[in-house]
Amino acid sequence: MTDRVIAAEPLSAAPASPAATPHVDAGDAGYRKDLKSRHINMIAIGGAIGTGLFLGAGGRMSQAGPSLFIAYAVCGVFAFFVVRALGELVLYRPSSGAFVSYAREFMGEKGAYTAGWLYFLNWSTTAVADITAAATYAHFWSMFSDVPQWILALIALAVVLAANLISVKYFGEMEFWFAIIKVGALVAFMLIGIFLVVTSHDVGGSTPGLANITDNGGVFPNGMMPMLLLIQGVVFAYASVELCGVAAGETENPEKIMPKAINSIMWRVGLFYVGSVVLLALILPYTAYSGDQSPFVTVFDKLGIPGAAGVMNLVVLTAALSSLNSGLYSTGRILRSMSLSGSAPKFTGVMNKGGVPYGGILLTAAFGVMGVGLNYVMPGEAFELVLNFASIGIIGTWAMIMVCSLLFWRSAKEGKLTRPGYNLPWAPYTQIVTIVFLGSVLVLMWMDGGISRTTVNCLPLIAAALVGGWFLVRRRVRATAGSHQS
């Protein structure tokens, strides 16, 4: 086996005809199968619980009120469709290149190039959002209050980058414990929240219960439009759900592990996202929350429990670092798949002795450094700005996954391959409805005005950059493809 070519055999589906051959992806060589079932399960949980809930929910609650739970529920359903579609493709053929590899198989190199760079746009900007969130959380403690936000952002990036470069096993362990901390904290909050509501315990002068909703404008205190306009930010909250599909390429027996991990995402979304937002609305009036502080910290602050707010703030800081860690991990794998096909810089395909594609990780980290500069120039607006660009990347990535799923379904209908038993229900309607939903999110972003509209107006520039980049790499892509076939 060379470092450039590997045949990835389908696990649950064989080629439909003797002439059919498994797709070959150069980017799958050299990885170690060190991720265990517990890692994948907790990565799936961690991917569904990130800074979008811990930090973003406060500001969104203050704008949309209790109706925010509807936005989380709707976006959660479509996030589940996306990861379920990706799960079907993973069982057909596991690959560390994930949807980039599937785009290459069903759409050609142009499709793989587009999917890969949209994903990089997602995570390079998300990395900025994560280090911004980490710096914001750190300012909660007085010992860091006088430290400039950009310095705290730089420290966060340096710590996570160093940890990510060791090995995939170390990454898996970090994500396992990060997820344990996040889930444990949310379970604790929900138990305390239920107790507060049931006992009508005073919280900062407010009595928990339905009155906090009915006496403050109801579910839609500012109308339905604020909730709709916040959907693009809510999409960002689910940005990591596809991570378990990337990690499947570095685990043994993904056909047994992946269905369980993916199916559990749906109830976790309902429990942790929707349940948490409903409890937040019941505990305090929506006007008590703000974008400057995690809503969970707000609750514990008003409870007056010594140290509780500090502990919760530490948890949400962990969530930000976890998201950053996941972004560095996934982009490293995606960029390596692209590099070995010629559509990404050569250095992003380089691996160390631990089986870590450090070139791609360093490239993503370099954009994180740019985020440190953004925190220096505009600390108050950095999070909102990069969140919008990250949403564009997420929308593009999810759309490409659904297009790949649609083409996969069509190939199965034509008898070219066989769908695994674990598949996306109601195809092809599920894919089509999801793509339409993603397009409507762009419309809502434009309607929102301000930074959101500016971001959407940048779409022609993003498209032009993709087209220009393709013309720069197309010769190397063709030459690389030729060398693989010879």
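Figure 1. Of the 486 residues in the protein chain, 60% are buried, where buried means under 20% relative accessible area, exposed means over 50%, and partly exposed covers the range in between (1.4 Å probe, protein chains only). This is a predicted model, so local features need pLDDT of at least 70 and side-chain atom pairs count only at pLDDT 80 or more, while totals for chains, interfaces and linings use all residues. Residues are numbered from 1 along each chain as its sequence is written, and side-chain values use heavy atoms, with hydrogens and water left out. The chain holds 20 helices and zero strands; helices (H or I, at least four residues) and strands (E, at least two) are DSSP runs, numbered from the N terminus. Taking contacts (heavy atoms within 4.5 Å) between residues at least 6 apart in sequence, 80% join residues at least 24 apart. The accessible surface comes to about 18200 Å², and carbon and sulfur atoms own 66% of that; accessible areas come from the Shrake-Rupley method with a 1.4 Å probe, and for residues only the protein chains shown count as cover.

Figure 2. Look for Lys182 in helix 8 (residues 168–199). A salt bridge here needs a side-chain nitrogen of Lys or Arg within 4 Å of a carboxyl oxygen of Asp or Glu. Setting aside neighbours within four places in sequence, Lys182 is in contact with Gly46, Ile49, Phe54, Val315, Ala319 and Ser322.

Figure 3. Side chains of opposite charge can pair when their charged atoms come close. How many salt bridges does a search of the whole structure find? The search finds five. One of them joins Glu88 and Arg419, whose closest N and O atoms are 2.6 Å apart. This pair links distant parts of the chain, 331 residues apart: Glu88 sits in helix 4 (residues 68–92), and Arg419 in the loop between helix 17 (382–413) and helix 18. Glu88 is buried at 2% relative accessibility, whereas Arg419 is partly exposed at 23%.

**Figure 4. Charged pairs around helix 5.** Arg93 and Glu105 meet in a salt bridge, at 3.0 Å from N to O. Because Arg93 lies in the loop between helix 4 and helix 5 (98–107) and Glu105 in helix 5, the pair ties together parts that are 12 residues apart in sequence. Arg93 is buried, with a relative accessible area of 1%, while Glu105 is partly exposed at 23%. A further salt bridge joins Arg104 to Glu109, with 3.1 Å between the closest N and O atoms. Arg104 is buried too, with a relative accessible area of 10%.

Figure 5. Met225, Val443, Trp446 and Met447 make a nonpolar surface patch of about 380 Å². Patches are built from residues with over 30% relative accessible area and no salt bridge; like charges are joined within 9 Å, and nonpolar side chains (Val, Leu, Ile, Met, Phe, Trp, Tyr) within 5 Å. Which helix gives the most to the nonpolar patch? Helix 18 (residues 429–448) does, with three residues. Val443 is found in helix 18 and is partly exposed, with a relative accessible area of 47%.

**Figure 6. The buried side of helix 19.** In helix 19 (residues 450–457), the buried residues include Ser452, Thr455 and Val456. They cover an arc of only 95° around the axis, which puts them on the same side of helix 19; the arc is that of the directions from the helix axis to the C-beta atoms. Asn457, also found in helix 19, is partly exposed at 46% relative accessible area.

Figure 7. Thr251 is in the loop between helix 12 (243–247) and helix 13 (254–283) and is buried at 3% relative accessibility. Beyond four places in sequence, Thr251 is in contact with Lys33, Leu35, Lys36, Ile40 and Ile257. Leu284 belongs to the loop between helix 13 and helix 14 (295–303), and is buried with a relative accessible area of 2%. Residues touching Leu284 include Val203, Ser206, Asn212 and Thr298. The C-alpha atoms of Leu284 and Thr298 are separated by 9.4 Å.
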